Amino acid sequence: MEKISAAITAIGGYVPEDVLSNAMLEQMVETNDEWIYTRTGIRERRILKDPQKGTSFLAIEAAKDLLNKKGLDPKEIDLLILATATPDMPVALTGPYVASQIGATNAFAFDLQAACSSFLFGVSAAAKYIESGRYKKVLLVGADKMSSIIDYTDRATCILFGDGAGAALFEPNYEGLGVKDEILKSDGIGRNHLYIKAGGSLCPTTAQTVAEKQHFVFQDGKTVFKYAVTGMADVAEEVLKRNNLTNNDVQWLTPHQANKRIIDATAERMGLPAEKVMLNIHKYGNTTSATIILALNDYEQQLKKGDNIVLAAFGGGFTWGAIYLKWAYDGAQVKK
């Protein structure tokens with residue numbers, strides 16, 4: 001029996017129209033464009049302003065973009081995985097709602113949460129379902145409405161995050177293309193450095209938690225940066241060594257877009273020049289579960305069948321990892 005590998009055969013993306021620029025943030029908190037850009041690489045980010053729309057809206061739009069580009073009947077989808085840190089609501093999963101809204105009526109669906117590593121961990125999960133031989137089309141959507149959990153009076157966090165979504169379709173491949181290897185890690189020490197204090201079972205919602213702004217993201221920036229620089233670079237380098245790849249063998253690094261200095265450190269450890277690194281943090285900021293797939297979507301036209309690509313991410317918890325895959329189609333042939 002031929003070995004089945006899981007290959008990405010289509011991608012899509014969506015970001016809201018409203019832009020929140022560094023200049024606009026200067027009017028909201030004590031900061032400036034130069035300070036933000038030199039420390040993060042971010043110029044602007046997109047915000048979903050409509051209070052009646054949540055993460056599901058972003059996910060649905062990204063999935064529709066993929067379906068339109070691929071010409072795919074959503075009824076052919078077997079499984080939809082929604083990678084997100086900002087579901088529409090607790091308990092009631094957002095993934096099943098997204099599946100229903102796009103017409104994927106034959107699919108089962110669930111949410112996957114690993115903070116900024118959610119999409120990366122989702123790639124691993126989607127690949128396993130395909131490799132089992134039981135599922136033929138798995139749709140992985142990474143989406144987050146980060147603006148819903150950000151305190152726009154907190155300079156440490158409000159400059160970093162934006163809203164967006166991306167989608168990737170996984171199908172069986174018999175040419176040796178697709179997901180080849182993965183190194184995924186976690187460490188519970190991160191629980192104390194990047195979190196939302198209230199709203200969970202440990203600290204339920206009360207009038208006091210709301211008044212004290214405990215439902216917004218808190219980040220110990222220096223500690224997270226230190227762990228992220230080391231973590232992402234280590235696993236990216238390790239996945240190359242484990243697969244006997246040199247920097248010349250790799251066509252692209254697709255990193256989580258959290259901070260340009262973290263991205264640069266990872267690329268340096270891999271020995272990759274800037275032209276081999278996908279970068280769109282300046283346009284969107286950190287969209288958490290959506291950054292990797294939005295980068296792939298932005299660079300799709302440049303991707304060639306057989307390209308060696310390394311995905312790398314670091315997120316709260318802590319969670320981090322790297323995945324090595326061989327691209328399965330020529331992006332230039334995809335109709336926009």
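Author: Let's begin with an open sheet of five strands, in the order S1-S7-S6-S4-S5 and with mixed pairing. Two strands count as paired if DSSP finds at least two bridges between them. Strands (E, at least two residues) and helices (H or I, at least four) are DSSP runs numbered from the N terminus. Before going further, please keep in mind that this is a predicted model, in which local features need pLDDT of at least 70, side-chain atom pairs count only at pLDDT 80 or more, and totals for chains, interfaces and linings use all residues. Residues are numbered from 1 along each chain as its sequence is written, and side-chain values use heavy atoms, with hydrogens and water left out.

At the edges of this sheet stand S1 (5-14) and S5 (108-112); each has a single partner strand, so one side of each is left without a neighbour in the sheet. From one strand to the next, the twist averages 20°; axes here are lines fitted to C-alpha atoms, for helices over the stretch in contact, and angles run from 0 to 180 degrees between N-to-C directions. As a general point, strands of a sheet pair through backbone hydrogen bonds, either parallel or antiparallel. Inside the sheet, S4 (residues 79-83) and S6 (residues 138-145) are joined in the parallel sense by five bridges, and Ala-83 is found opposite Gly-142 in S6.

Helices cover parts of this sheet. H4 (residues 94-101) lies across S4 and S5, at about 135° to S5. H11 (residues 291-299) packs on the sheet too, touching S1, S6 and S7 (163-173), and its direction makes about 85° with that of S1. Contact means heavy atoms within 4.5 Å. Leading towards H11 is the loop from H10 (281-284), where Thr-288 is found. Thr-288 has a positive phi near 55°, in a residue other than glycine, and counts as buried at 4% relative accessibility. Buried means under 20% relative accessible area, exposed over 50%, and partly exposed in between, using a 1.4 Å probe and protein chains only.

Now to another sheet. Four strands form an open sheet in the order S8-S13-S12-S11, again with mixed pairing. Its edge strands, S8 (178-186) and S11 (252-255), each pair on one side only, and the twist averages 15° from one strand to the next. S8 and S13 (residues 319-326) run antiparallel and are joined by eight bridges; Val-179 stands opposite Leu-325 in S13. H5 (residues 118-131) lies across S8, S12 (308-315) and S13, at about 130° to S8. H8 (residues 221-242) lies across S8, S11, S12 and S13, at about 145° to S8.

The peptide bond from Gly-317 to Phe-318 is cis, with omega near -10°. Phe-318 is buried, at 1% relative accessibility. Phe-318 also takes part in aromatic pairing, where rings of Phe, Tyr and Trp (its six-membered ring) pair if their centres lie within 6.5 Å; planes under 30 degrees apart count as stacked, over 60 as edge-to-face and the rest as tilted. The count comes to 12 aromatic pairs. One of them is Tyr-227 with Phe-318, tilted at 35° between the planes and 5.0 Å centre to centre. Tyr-227 lies in H8 and Phe-318 in the loop between S12 and S13, so the pair ties together parts 91 residues apart in sequence. The rings of Phe-314 and Phe-318 have centres 5.0 Å apart and planes at 45°, so this pair is tilted. Tyr-227 is partly exposed at 28%, while Phe-314 is buried at 6%.

Asn-244 has a positive phi of about 55° although it is not a glycine, and is exposed, with a relative accessible area of 68%.

Finally, the whole chain. It comes to 11 helices and 13 strands, and buried residues make up 56% of its 336 residues. Residues 24 or more positions apart account for 77% of the contacts with a separation of 6 or more.
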